[in-house]
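Thanks for making time. I will go through one model this morning, starting with the core and ending with the charged pairs.

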Amino acid sequence: MTAPQISVIIPARDESGNLPSLLDEIADALAALDHEVLVVDDGSRDGSWALLEARAAEDARLRPLRHIESAGQSTAVWQAGHAARGEWLATLDGDGQNDPADLPALIGRACQGDVTLVSGHRTRRHDDWLKRVSSWVANGVRARLLKDATPDTGCGLKVIRREAFLRLPYFDHMHRFLPALIQAQGGRCVSLPVSHRPRGAGRSHYGLHNRLWAGLVDMVGVMWLRHRSRLPAPLEAPHRETLAGPAEAARSET
């Protein structure tokens, strides 16, 4: 089977009310691109899995995966990234607040060849006050400590080279620190403005505890990882003639 250019990854938990329209929008937005869609049902109890199975039977580009019990957004993205076949991974949230119409611009920027990750920047948020305040605090502290030059790492819309993603260390909540982790390995990240929409159905699974406080604790670990990294570290190899040895070099001259 030919590998697609783009693998779209969607972690989703109890999002049966949002997934049908979201998958339709992705199909429309990426109609001109060779792509696949991996939706990870993270322990849903609302019929999401039955919905995904039914759609996958009619759409070969849809590859649903499932956690029997919730394992978290980072685990879902990590496992889907390893199962994906595309050269680039495009992530977005399953709640429908990320607009798939923004994907072609992010993918186009990524394919220019000079970046490893393109992150969306939600310039106008449609969230409640708790999510906005906690994100504002977390983004401010993160930018000051990690200096990752990314104004909105919490945005689910990202396009990342799969090869680089597979080299990243795994830990819970790692999805919030992808730009800093990529930069620690010598990669380059840029941000593009994207739209943000109100949630259409269901409810958020994030609150003050697992969004703000957990993120601040994880940030200490990311700071340590970046401090200990020595990448990029350019390597040099001897010329081919030196590697071949005297006998092989002599034969090549005859």
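The largest nonpolar core has 28 residues, and those with the most contacts inside it are Val8, Ile10, Ile26, Val37 and Val39. Seven elements each supply at least two residues of this core: strand 1 (6–12), helix 1 (19–29), strand 2 (35–42), helix 2 (48–56), strand 4 (88–91), helix 4 (103–110) and strand 7 (189–194). Another core, of 25 residues, lies apart from it, with Ala84, Leu117, Met174 and Met219 among its members. In soluble globular proteins, nonpolar side chains tend to be buried together. Please keep in mind that this is a predicted model.

Which residues of helix 1 are buried? They are Leu19, Leu22, Leu23 and Ile26. These four cover an arc of only 95 degrees around the axis, so they sit on the same side of helix 1. The cover over the buried residues of helix 1 includes strand 1, strand 2, helix 2 and strand 3 (62–67).

Now the overall numbers. The protein has 10 helices and seven strands. Of its 254 residues, 45% count as buried. Among contacts between residues at least 6 apart in sequence, 80% join residues at least 24 apart. The protein exposes about 13,000 Å², and carbon and sulfur atoms supply 56% of that area.

On cysteines, the structure holds zero disulfides. Cys155 counts as buried at 1% relative accessibility, and Cys189 counts as buried at 14%.

Two backbone angles deserve a look. Asp14, in the loop between strand 1 and helix 1, has phi near 55 degrees, a positive value in a residue other than glycine. Asp14 is partly exposed, with a relative accessible area of 24%. His173 also has a positive phi, near 75 degrees, and lies in the loop between helix 6 (162–165) and helix 7 (178–184). With a relative accessible area of 15%, His173 is buried, because the cut-off for buried is under 20%.

Last, the charged pairs. How many salt bridges does a search of the whole structure find? The search finds 14.

Start with Glu36, which is buried with a relative accessible area of 1%. The side chains of Arg63 and Glu36 meet in a salt bridge, 3.0 Å from N to O. Arg63 lies in strand 3 and Glu36 in strand 2, so this pair ties together parts that are 27 residues apart in sequence. Arg63 is partly exposed, at 23% relative accessible area.

Arg85 also forms a salt bridge with Glu36, with the closest N and O atoms 3.1 Å apart. Arg85 is in the loop between helix 3 (73–83) and strand 4, so here the parts tied together are 49 residues apart in sequence. At 32% relative accessibility, Arg85 counts as partly exposed.

Another salt bridge joins the side chains of Glu69 and Arg45, at 3.2 Å from N to O. Glu69 is in the loop between strand 3 and helix 3, and Arg45 is in the loop between strand 2 and helix 2, so this pair ties together parts 24 residues apart in sequence. Both count as exposed, Glu69 at 54% and Arg45 at 56% relative accessible area. Finally, salt bridges that share partners join Glu15, Asp95 and Arg199 into one network.

Definitions and conventions:
Residues numbered from 1 in each chain as written. Predicted model: local features only at pLDDT ≥ 70, side-chain atom pairs only at ≥ 80, totals over all residues. Heavy atoms only, no water. Core = buried A, V, L, I, M, F, W, Y, C linked by side-chain atoms within 4.5 Å. Buried < 20%, exposed > 50% of the residue type's maximum accessible area, 1.4 Å probe, protein only. Disulfide = S-S within 2.5 Å. Contact = heavy atoms within 4.5 Å. Areas by Shrake-Rupley, 256 points an atom, 1.4 Å probe, with all protein chains shown as cover. Arc of directions from axis to C-beta. Salt bridge = Lys/Arg side-chain N within 4 Å of Asp/Glu carboxyl O.
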